[in-house]
Amino acid sequence: MRVTTRMVNDAAVKAGVPTNANTLLDYVKGTSGSNNLLGILSNSKNDQSQKVQKSQNGYEKLEKAAGQLLQKAQALTQEGEDSLFAKARQSGDTEEIRKSVDILVKSYNETLDVLRSSSSALDQYYCKMLQETVAGSKGLDAIGISVSKDGKLKVNAEKLKAADIDSLEKALTGADGLAGKVLAAADKITDVAKANAESLSSHYNADGSVSSGSSHLYDYRR
């Protein structure tokens with residue numbers, strides 16, 4: 001089908017763009033002011049690439065935060081003579097446990113922030129699930145961990161330092177322990193974030209542009 005100037009102008013009117021009696025050649029050559037066709041296509045392409053890059057960065061940030069949360073949850077729930085709690089009982093010092101708790105709390109809060117910045121329904125589901133795991137944990141107050149109104153965790157350093165090993169172990173690794181409950185959620189979130197980041201990366205064409213099937217992956221608002 002032959003594309004005529006009238007067809008282009010009709011499409012422009014429907015899009016709310018003034019035509020100013022421009023010809024098809026004006027649109028293609030870019031001589032019709034700010035409404036030239038090449039300029040519009042170029043801006044659209046750049047906007048699309050920026051959205052994909054923003055989402056990719058968001059998922060990479062989520063993978064990093066959730067991955068660190070997973071590592072500390074695994075360290076705190078490890079069993080046997082090489083576990084943090086076994087070593088703490090042997091030395092009588094809970095410093096390494098406290099360090100792991102601080103990092104776990106920081107990673108939890110960072111993961112929550114990244115999930116909240118996403119418009120993905122799955123990410124919002126994981127955000128809610130993560131908060132519910134903390135709400136179901138018991139004995140946190142006894143070791144100085146509390147939940148603020150925005151759902152984030154806070155640590156009272158003095159109370160955490162004063163907590164005995166039994167209280168720490170019960171609050172962190174028991175049936176209702178924080179680390180044990182967070183472990184499963186962090187594992188799922190890390191896997192999903194990694195898969196989405198890799199999927200977004202694969203949507204780039206050889207020239208750096210974004211393929212047409214990527215629009216459903218624009219999940220991150222910032």
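Start with two helices: the axes of H5 (residues 95-116) and H6 (residues 121-135) come within 8 Å and cross at roughly 150°. Because of that angle, H5 is roughly antiparallel to H6; the cut-offs are under 35 degrees for roughly parallel, over 145 for roughly antiparallel, 65 to 115 for roughly perpendicular, and oblique for the rest. The axes here are lines fitted to C-alpha atoms, for helices over the stretch in contact, and the angles run from 0 to 180 degrees between N-to-C directions. The crossing of H5 and H6 is also left-handed, meaning the near helix is turned anticlockwise from the far one by less than a right angle (clockwise would be right-handed).

Before going on, keep in mind that this is a predicted model, where local features need pLDDT of at least 70, side-chain atom pairs count only at pLDDT 80 or more, and totals for chains, interfaces and linings use all residues. Residues are numbered from 1 along each chain as its sequence is written, and side-chain values use heavy atoms, with hydrogens and water left out.

So who meets whom between these helices? From H5 come Tyr108, Thr111, Leu112, Leu115 and Arg116, and they meet Asp123, Gln124, Tyr126, Cys127, Leu130, Gln131 and Val134 of H6. Contact means heavy atoms within 4.5 Å. By class, this contact of H5 with H6 has seven nonpolar, three polar and two charged residues. For the classes, Ala, Val, Leu, Ile, Met, Phe, Trp, Tyr, Cys and Pro are nonpolar, Asp, Glu, Lys and Arg are charged, and the others, Gly among them, are polar.

Now look at the loop between H5 and H6, where you'll find Ser120. Ser120 counts as buried because its relative accessibility is 12%; buried means under 20% relative accessible area, exposed over 50%, and partly exposed in between (1.4 Å probe, protein chains only). A polar atom of the Ser120 side chain lies 3.2 Å from the backbone nitrogen of Leu122.

Back in helix H5 sits Ser107, which is buried with a relative accessible area of 0%. Setting aside residues up to four places away in sequence, Ser107 touches Ala65, Gln68 and Leu69.

H5 has another partner to visit. The axes of H4 and H5 come within 8 Å and cross at roughly 145°. On the H4 side, Leu84, Phe85 and Ala88 make the contact, and on the H5 side Glu96, Ile97 and Ser100 do. Those residues divide into four nonpolar, one polar and one charged.

Let's stay with Ala88, which has its place in helix H4 (residues 84-91). Ala88 is buried, with a relative accessible area of 2%. Leaving aside neighbours within four places in sequence, Ala88 is in contact with Asp93, Ile97 and Ile165. Ala88 and Ile165 are 77 residues apart in sequence, yet 7.4 Å apart in space, C-alpha to C-alpha.

Gln56, in helix H3 (residues 37-77), is buried too, at 10% relative accessible area. Its C-alpha atom is 8.1 Å from that of Glu198, which is 142 residues away along the chain.

Finally, zoom out. The protein has nine helices and two strands; helices (H or I, at least four residues) and strands (E, at least two) are DSSP runs, numbered from the N terminus. Buried residues make up 38% of the 222 residues. Among contacts between residues at least 6 apart in sequence, 64% join residues at least 24 apart.

Note on methods: A polar contact is a pair of N or O atoms within 3.5 Å; within protein, one must be able to donate a hydrogen and the other to accept it, and residues adjacent in sequence count only if both atoms are side-chain atoms.
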